[in-house]
Amino acid sequence: MNNSVTNTARLLWAGLRALLVLTVVCGVIYPLAITGVAQGLFHDKANGSEISANGKVVGSSLIGQSYNLPLKKGQETPEPDLKWFQPRPANGLGTNSVNTQYKLILSGATNRSGDNKDLIDWVTAAKKAVIKDNSVNGYTVRPSDVPADAVTSSGSGLDPDISPQYADIQVHRIAEKNGLSVAQVQKLVDEHTDSRTLGFIGEPRVNVLELNVALEALAGK
């Protein structure tokens, strides 16, 4: 009986010691070490790839944002603020995403098929809006000019980038709304167009937040 109690106590003490050691190593030392390495070598990425403007953080280069006007009385969906470059749609119009207004609490897609009537109606309405909003000062956007990312969201609904083609068809509108020349705005787009990663991964892209931060700085001069 005494041996049984002694063995049980010994095993419990061994288990407790193992628990304490593993808690310290895995719960304290390892996280602190990884955090230190991340902060030392990858400070920007470790802190969320934040983008700052005028001395304050305005967002992350990894998460999209909407650029809308304040909601009017009776409105359920705000209108886009057309003085800014617009991201991929994520507001229930012309989108295959369940996300709304780039809310981080929800990420995903509805997985509607290509022949789904709702999806077709959304895309059709979104294409008409893109053509209408961006056809200014004698510049006309043709239906064939509208890229897919202008009328559909990404699978996550949080994509921060748009294609150079979508950015290009917004140039004339942006120039008009901000009192800039088309050449100035086009130069801005070209400067913020990233090539394929390593030259062959993905597609050329434009980060909308970074582009709009640069636009604000240019329009403010």
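Me: Where is S61 found?

Reply: S61 sits in the loop between β2 and α3, the latter spanning 117-134. Please note that the model is predicted.

Me: Is S61 buried or exposed?

Reply: S61 counts as buried, because its relative accessibility is 17% and the limit for buried is under 20%.

Me: Which residues does S61 touch?

Reply: Leaving aside residues up to four places away in sequence, S61 touches S49, I51, P160, N207 and E210.

Me: Now the pockets. What volume has the second largest pocket?

Reply: The volume of the second largest pocket is about 200 Å³.

Me: Which residues line the second largest pocket?

Reply: The residues are A53, N54, K56, V58, Q65, Y67, W84, L209, N212, V213 and E216. They divide into six nonpolar, three polar and two charged residues.

Me: Where do Y67 and W84 lie?

Reply: Y67 lies in the loop between β2 and α3, and W84 lies in the loop between β2 and α3 as well, so the pair ties together parts that are 17 residues apart in sequence. Y67 and W84 are both buried.

Me: Changing topic: how many salt bridges does a search of the whole structure find?

Reply: The search finds five salt bridges. One of them joins the side chains of E191 and K187, with N to O at 2.5 Å.

Me: Where do E191 and K187 lie?

Reply: Both E191 and K187 are in helix α5 (residues 182-191). They are four residues apart, about one turn of the helix.

Me: How accessible is K187, and how accessible is E191?

Reply: K187 counts as exposed, because its relative accessibility is 52% and the limit for exposed is over 50%. E191 is partly exposed, with a relative accessible area of 48%.

Me: Which residue meets R196 in a salt bridge?

Reply: The side chain of E203 meets that of R196, at 3.0 Å from N to O. E203 counts as exposed at 52% relative accessibility, whereas R196 counts as partly exposed at 35%.

Me: And which residue meets R142?

Reply: R142 forms a salt bridge with D145 through their side chains, with N to O at 3.1 Å. D145 is partly exposed, with a relative accessible area of 23%.

Me: What about V123: where is its place?

Reply: V123 is in helix α3. At 23% relative accessibility, V123 counts as partly exposed.

Me: How many residues apart in sequence are V123 and T152?

Reply: V123 and T152 are 29 residues apart in sequence, while their C-alpha atoms are 6.8 Å apart in space.

Me: Finally, the whole chain. How many helices and strands are there?

Reply: The protein chain has six helices and five strands. Along the sequence, their pattern reads α-α-β-β-α-β-α-α-β-β-α.

Me: What part of the chain is buried?

Reply: Of the 221 residues of the protein chain, 30% count as buried.

Me: And what share of contacts joins residues at least 24 apart?

Reply: Among contacts between residues at least 6 apart in sequence, 57% join residues at least 24 apart.

Methods
Residues numbered from 1 in each chain as written. Predicted model: local features only at pLDDT ≥ 70, side-chain atom pairs only at ≥ 80, totals over all residues. Heavy atoms only, no water. Salt bridge = Lys/Arg side-chain N within 4 Å of Asp/Glu carboxyl O. Buried < 20%, exposed > 50% of the residue type's maximum accessible area, 1.4 Å probe, protein only. Helix = DSSP H or I, 4+ residues; strand = E, 2+ residues; numbered from the N terminus. 1 Å grid on protein atoms, 1.4 Å probe; cavity = no way out; pocket = protein on both sides within 12 Å on 5 of 7 lines; lining within 4 Å. Points joined across faces, edges and corners; volume = space filled by probe spheres on them. Nonpolar A, V, L, I, M, F, W, Y, C, P; charged D, E, K, R; others polar. Contact = heavy atoms within 4.5 Å.
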